[in-house]
Amino acid sequence: MKRPHFLWIAVTLFIAACTTNAITGRKQLSLFPESTLQAEAVNQYRSFLSQNRVVSPGNSKDAEMVRRVGNRIATAITTFYRSKGLASELEGYDWQFNLVQDDQVNAWCMPGGKVVVYTGLLPVTQNEAALAIVMGHEILHAAAQHGNERMSQVAVAQGLEVAGNIFTANNQKANTIFDSVFAPGAQVGVLLPNSRMQEYEADRYGMIFAAMAGYNPNEAIPFWQRMASAGGGKPPEFLSSHPADENRIANLKKYLPEAMKYYKPNQK
Ligand SMILES: [Zn+2]
């Protein structure tokens, strides 16, 4: 009767590794401690910033805007979690928002709240509220621990030991999986595409947190329409993992009334 016993252990481990997402209520596979991901993100973020041209908020209204939008969304999301008694969900978060001089139409957020916006994105966002839509989307991916879920799916697909050495820090296999999911310098083709479900979650709740931060969620639709037609023959990097198709726009329209309930414009 050995086999059923082992199977039972495997099933138990699998269930133990499934956490209920505090924002979406969806059950997610999280095989990695979030603290490990955050520590790795700090390393990657530092090294990325040292190798790229960071625009100083002291000299640039755009960099100042990126920081302002980020801080407002971070405040909104932190306040929301606290009000639900879920402050521990953001444990270890140390938010940073940097604008990087680069023509790429792109932005990302790593675990622990490490955000980069590329200057190439700003001609597409065009206004602060649309920037808040993108940053809200990226921040939601991090806060909802979508990276952990994707890494866990890769680990399972590769047949890695669930209860074994994958949990330890500095594990080479874990680092390789982290890089395949997050590495900001990686070729776009190497990055795993975000799942549809994660994308819709990031759209829906990102829009809500942007609204809570005082940004009009109505900007989401024209922004995504601009994104769809940006770049001419060479589509933006952001589109490779974020298809701006009719399904996305239809979903945004569906979720818009919900986000509007949370919208209070910022006082000038
Ligand atoms: Zn996304």
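Which residues does Trp95 touch, not counting residues up to four places away in sequence? In this predicted model, the answer is Ala74, Ile77, Thr78, Gly112, Gly113 and Ile139. Trp95 itself sits in the loop between α3 (61-83) and β4 (96-100). Its relative accessible area is 19%, and the cut-off for buried is under 20%, so Trp95 counts as buried.

Four strands make up an open, mixed sheet, in the order β3-β4-β6-β5. Its edges are β3 (54-55) and β5 (107-110), each of which pairs on one side only. Between β3 and β4 the pairing is antiparallel, with two bridges, and Val55 is placed opposite Leu99 of β4. Between β4 and β6 the strands run parallel and are joined by five bridges; here Gln96 faces Lys114 in β6. Four of the five residues of β4 are buried, so this strand is largely enclosed by the rest of the structure. Helix α5 lies across β4, β5 and β6 (114-118), and runs at about 30° to β5.

Now the nonpolar interior. In soluble globular proteins, nonpolar side chains tend to be buried together. The largest nonpolar core here has 58 residues, and those touching the most other members are Val117, Leu131, Met135, Trp224 and Met227. Helix α5 (residues 128-143) is the greatest contributor to this core, giving 11 residues. As for Met227, its contacts beyond four places in sequence are Val105, Leu121, Val124, Pro236, Phe238 and Leu239. A separate core of 22 residues lies apart from the largest one, and includes Ala17, Leu49, Val100 and Ala155.

Which protein residues are the donors of the zinc ion? They are His137, His141 and His242, each through NE2, together with Glu199, which is listed with two OE donors; the distances run from 2.0 to 2.7 Å. Along the chain, the donors follow the spacing H-x3-H-x57-E-x42-H. Glu199 belongs to helix α8 (residues 196-212), whereas His242 is in the loop between α10 (237-241) and α11 (246-260), so this pair ties together parts 43 residues apart in sequence. Glu199 is buried at 3% relative accessibility, and His242 is buried with a relative accessible area of 3%.

Arg248 pairs with Glu199, their closest N and O atoms being 2.4 Å apart. This links distant parts of the chain, with Arg248 in helix α11 and Glu199 in helix α8, 49 residues apart. Arg248 is buried as well, at 2% relative accessibility.

The salt bridges number nine in total. Asp245 is in the loop between α10 and α11 and Arg196 is in helix α8, so the pair ties together parts 49 residues apart in sequence. Asp245 is partly exposed at 26% relative accessible area, and Arg196 is partly exposed at 37%.

Glu149 and Arg26 form another salt bridge, with closest N and O atoms 2.8 Å apart. Glu149 lies in helix α6 (residues 146-157) and Arg26 in the loop between β1 (18-20) and β2 (27-29), so parts 123 residues apart in sequence are tied together. Both residues, Glu149 and Arg26, are buried. Finally, Glu64, Arg68, Arg72 and Glu128 are linked in a network of salt bridges.

Terms used. Residues numbered from 1 in each chain as written. Predicted model: local features only at pLDDT ≥ 70, side-chain atom pairs only at ≥ 80, totals over all residues. Heavy atoms only, no water. Donors = N, O, S within 2.8 Å, 3.2 Å for Na, K, Ca; no water. Buried < 20%, exposed > 50% of the residue type's maximum accessible area, 1.4 Å probe, protein only. Core = buried A, V, L, I, M, F, W, Y, C linked by side-chain atoms within 4.5 Å. Contact = heavy atoms within 4.5 Å. Pairing = 2+ DSSP bridges. Axes fitted to C-alpha atoms, helices over the stretch in contact; angles between N-to-C directions. Salt bridge = Lys/Arg side-chain N within 4 Å of Asp/Glu carboxyl O.
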